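Dear colleague,

I am handing over the structure below, together with some notes on what was found in it. Please read them with the coordinates open beside you.

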Amino acid sequence: MSAQHSAQHPDPARLCHAAAVRLAAEADPDRLADRFATVTRRHRLAAGRLWVERVPAGLASTRRDAELARPLPVGGPDLRAVLLRHDDGADLVLVAGRHAVGRHRLGTLLTELTQLTDPAIAVEPSAVEPSAVEPSAGDDAGDVGWLRGDPGVDRTAVHTVAVPAGTDLTALVAAVGAVLARYRGVRRPRVGAVVGERLTAVAVPVDGGARDLLATAGPGSSWPAPGTPAPAGLLDVEVGALDADSTADAYRPCLAPVWPLTLALAGTTLACHHRTAGWAADLVEAFARQVVRVLGRVLADPDRPLDDCDPLGDADRAAIVALGRGPGELPAAKDTIHDRIARHAATHPDAPAVSCVGERLTYGELDDRARKVARALAARGVAPGDRVGVCLDRSVDLVAVLLGVLRAGAAYVPVDPAYPVDRIRYTVEDSGVALLVGTGGVDAAELTAVESTAADLNVEGSGPAEPHVGGPDDPAYVIYTSGSTGRPKGVRVPHRNVLALVDATAADFGLGPHDTWTMFHSSAFDFSVWEIWGCLLTGGHLVVVPHLVVRSPGEFHALLAAERVTVLNQTPSAFAQLLDVDRRAADPLAVRLVVFGGEPLDARMLTGWYDRHPEPDCRVVNMFGITETTVHVTAQTLDRGLALAGSRSVGRALPGWRVYVLDPAGRLLPPGAAGEIHVGGAGVADGYLHRPELTAERFRPDPFSGGRMYRSGDRGRLLPDGRLEHLGRLDNQVKVRGYRIELDEIRQVLLDDPAALAVAVVVATGAEAADTRLHAYVVLADAAGSVAELRRRAARLLPDYMVPATITALPALPLTANGKLDAARLPAPAPVPAAEPVSAPADDAGLDERIRAIWQRVLGAEVGPEDNFFDLGGNSLLALRLLRELRDQGLADLTPRHLYLHQTVRGLAEAIGAAR
């Protein structure tokens, strides 16, 4: 049970139970009152007098239920007795605090009060009849809040089901444990149980059977008094009947659930009492149904391992599969990306297609330039099915070359020119590209591929005619993602997947020629696939954002306003920077659709956006996706209510996509249970390039719907309405500022250096996105070795966003008893040492020192005048913080462009001084 439930409980109903017995009409209330006084004195109970009330016959049952549900007041008596008289007889109701009167004692009290030897107090035979619990107030939902109820309304409710004859407490605890193990993903779930008069937490090992389960339970504890800490446990299970010789015909084991879910067994009836803020009603019904299914197997074979008792039937599984399936099906694609764009160009040749820094192409011009690229590629020997590397800066040429590669029947391999040359070399060589289209800045002598520039391809060649256009199953691109083996892996995606993504979203999002999009992200980041082709396949105008504008939220906001951009795609980290500018900007935006992707979203950041961009004017959609499943899988439209609630929902699967949540054994989990997200359907990629073993491990046959599914490594749960909640990664893959990073890749690069004997890489998350940093710890082969050289080598091999902010040398890595890294015992990262001055101080020493002080505060490290901001762990978000402090202190009002051009304290100070 969580710490929340160790707090004081203001609701005494949780620790009260009640019983009732039907008396004959001739029962003497005075004789019963005298006996009640005598019995309570003998048992030394604090109790008042017997209350006697006359009720109309038609309301007898209602009044009895109300009395059974009415708890004792805080600080009140241990026991309350009420006699309800009516035309058909009388009902004696006892309500007791469980700390003072246990179940056995309550049954004894009823028996002593209604002894059959006394003709004045005769008992009327009656069957056990379960009845609903009246709502009562309560507090938190405790440990099982992972099964979401309604957080805004917390009341108690009850759901009853029939259980097999012969069900006892042992079988019930075993069945509950088996089902709970599936929901929690654990091997020994704990179930709070009432054994006799004791409370105990039973660990249920699901690899064993149910026989003698309770014999292994601990000694337990007694019931606490109201207002004292509640007992520990995950949920409460107890046998609801009193002693066999008790005269009771109704028993309530609790007047409000002690835990968020309390199961009480009375004969063949199982009552599931729950708090609505902790367990939604439909989940309780499903849970109860699954417990009953397992119960049947437990009773039939008590020695059968509980893990083999599947709580789901065929109908349950079919319903869950249907729940994770996107609405509707998509028609199979019969064409290609470039076919569709060419058709649009033929019918709308003058419509704006792509622009960047003043250069604009219409669809007719884009189609013509792509045709020239395709013919030029063919003339250089590129054949259908080949791969072509594209390492170009952001420009209209970049888009034209990508489209031309597709028209040539080839697949493009995007390479960011900002990557280190070793990273570029690896991507080019691993992908086996037939040609690399670059800017001329990549040293062709270092590459196995022949390099051509975009200008070389933008000519009307005399070579062969444009090659065959291919079909929807041809690969469209290969994008490299971070890899746990220390090397990135290429994901091969066909045309049909991209077409399916656009077909699945275009109508819902209202995409069309009236829209203007931005290409904000690197072509080597799969979010760009959505930006480029989502725009051009729906006839929109694509605005390519220059590299430096991407890093300047102010300039980017001005670009959005000037170009009247309507569709904006952002990682949450990038959008957080834009929000700050948007709050202060005077220029209005025309954005009608914001799509989030790339990393988890904290929806609470959107409340300010809704103030300036109301929901009817701007739709905000949170999407979950993976490179291996073609960018996006699900979509959740957010509103102010979801934002205020901090919703983690990423929505339902897109049409044509399927989402499953499976346990480690590959079994389907019920809604509400957390497990690994698997994705099937139209977006599943062809696999990894040159990695058949890894492809077989991650891309698996889909046993539920046919085809293949991708094992994502992400943790999530399917909700009863079909929406998916994303709960993070199962492995050590992280996302930093929208980039998907395998920590093992960084670790492997560092280990490849002979100077490193052992390496650990961790991510530290701060209060703001800018504070998220990577830190490495190394054991050096030579104690006198330099971590600075290790970091410089890593910077040559890794993109800047993967280079650790710090590298700390340790004599040995701390390990757990199992020999694994004990990350909790890693020390604080060592500060980056300041570089020694290499030249005379700047003329404006005062300005130099003030800038240096600001850098030190922002970076949290000592800074020298010639230290490079980005070498010290700076990133684009920290750059914005630095520039904001410079502005707030009246030193300078700069853009990120200035910092990228002047990356040292001295350089920036000289630039500011010259401007003055």
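Strand β31 (residues 708-718) is mostly covered, with eight of its eleven residues buried, where buried means under 20% relative accessible area, exposed over 50% and partly exposed in between (1.4 Å probe, protein chains only). Helices (H or I, at least four residues) and strands (E, at least two) are DSSP runs, numbered from the N terminus. This is a predicted model, in which local features need pLDDT of at least 70 and side-chain atom pairs count only at pLDDT 80 or more, while totals for chains, interfaces and linings use all residues. Residues are numbered from 1 along each chain as its sequence is written, and side-chain values use heavy atoms, with hydrogens and water left out.

Two strands pair if DSSP finds at least two bridges between them. Strand β28 (residues 674-681) runs antiparallel to β31 and is joined to it by six bridges, with Gly675 partnered by Gly716 of β31. Strand β30 (residues 699-701) also pairs with β31 in the antiparallel sense, over three bridges, and the hairpin that they form has six residues between the strands, with Gly706 in the turn at a positive phi of about 85°. On to β32 (residues 724-729): this strand and β31 pair in the antiparallel sense over four bridges, and Arg717 has Glu725 of β32 as its bridge partner.

Elsewhere, Val357 has a positive phi of about 50° although it is not a glycine; Val357 lies in the loop between β12 (352-356) and β13 (359-362) and is exposed, with a relative accessible area of 69%.

Best regards
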